[in-house]
Amino acid sequence: MGIAESRPELQRALPELPQVALPAPPVAESPAVELGGQIDADDFDNADADRFRRMEIGNWLDFVDKDGKVQAGKLSWVSPISSRLLFVNRRGVRFCVASPEELAVMVRLGRLRAHVDDGAFDSAMQGVIDRLDPGSATLH
């Protein structure tokens with residue numbers, strides 16, 4: 001004989017469970033780099049696409065927006081499933097995810113090029129390091 005049968009006074013109804021509202025599915029993110037207009041998927045150089053397929057993690061490219069502003073992007077990750085390349089800015093924030101073919105189209109449109117290292121960033125960082133180096137500190 002079970003407890004429920006021997007002590008029916010302990011049996012109670014389960015409390016009403018609250019209704020759970022599921023969150024809405026995420027809205028598709030708009031890409032940080034917009035190509036603008038319709039792009040013919042065949043309008044790219046296969047050599048450029050192959051170069052992007054072989055690109056190593058850590059390499060930099062210059063992305064040019066529609067206003068001509070240049071932003072450096074570092075290849076941070078390549079999807080093993082879709083082969084899409086993820087680029088981050090100098091702060092490590094994602095701003096472009098594209099296939100090698102899409103990147104080749106961007107080259108053809110003048111929106112992507114090899115990174116031009118003008119040395120300004122490295123020079124500024126070296127200045128900071130020099131000021132932090134205790135061996136180079138002077139007492140006043």
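Let me begin with strand 1, where four of the five residues are buried, so that the strand is largely enclosed by the rest of the structure; buried here means under 20% relative accessible area, with exposed being over 50% and partly exposed in between, for a 1.4 Å probe and protein chains only. Strands are DSSP runs of E with at least two residues, and helices are runs of H or I with at least four residues, each numbered from the N terminus. Please keep in mind that this is a predicted model, in which local features need pLDDT of at least 70 and side-chain atom pairs count only at pLDDT 80 or more, while totals for chains, interfaces and linings use all residues. Residues are numbered from 1 along each chain as its sequence is written, and side-chain values use heavy atoms, with hydrogens and water left out.

Turning to the neighbours of this strand, two strands pair if DSSP finds at least two bridges between them. Strand 1 pairs with strand 2, residues 70-78, in the antiparallel sense over five bridges, and aspartate 62 has alanine 72 of strand 2 as its bridge partner. Five residues lie between the strands of this hairpin, and glycine 68 takes a positive phi near 85° there. Strand 1 also runs antiparallel to strand 5, residues 112-114, to which three bridges join it, with alanine 114 in strand 5 as the bridge partner of leucine 61.

Now to the aromatic side chains. Rings of Phe, Tyr and Trp (its six-membered ring) pair if their centres lie within 6.5 Å, and planes under 30 degrees apart count as stacked, over 60 as edge-to-face and the rest as tilted. By this rule there are two aromatic pairs. In one of them, phenylalanine 63 and phenylalanine 87 have ring centres 5.1 Å apart and planes at 70°, so the pair is edge-to-face. This pair links distant parts of the chain, since phenylalanine 63 belongs to strand 1 (residues 60-64) and phenylalanine 87 to strand 3 (residues 85-88), 24 residues apart. Phenylalanine 63 is buried at a relative accessible area of 3%, and phenylalanine 87 counts as buried at 0%.

Phenylalanine 63 and phenylalanine 95 have ring centres 5.0 Å apart and planes at 80°, so this pair is edge-to-face. Here too distant parts of the chain are linked, with phenylalanine 95 in strand 4 (residues 94-98), 32 residues from phenylalanine 63, and phenylalanine 95 is buried.
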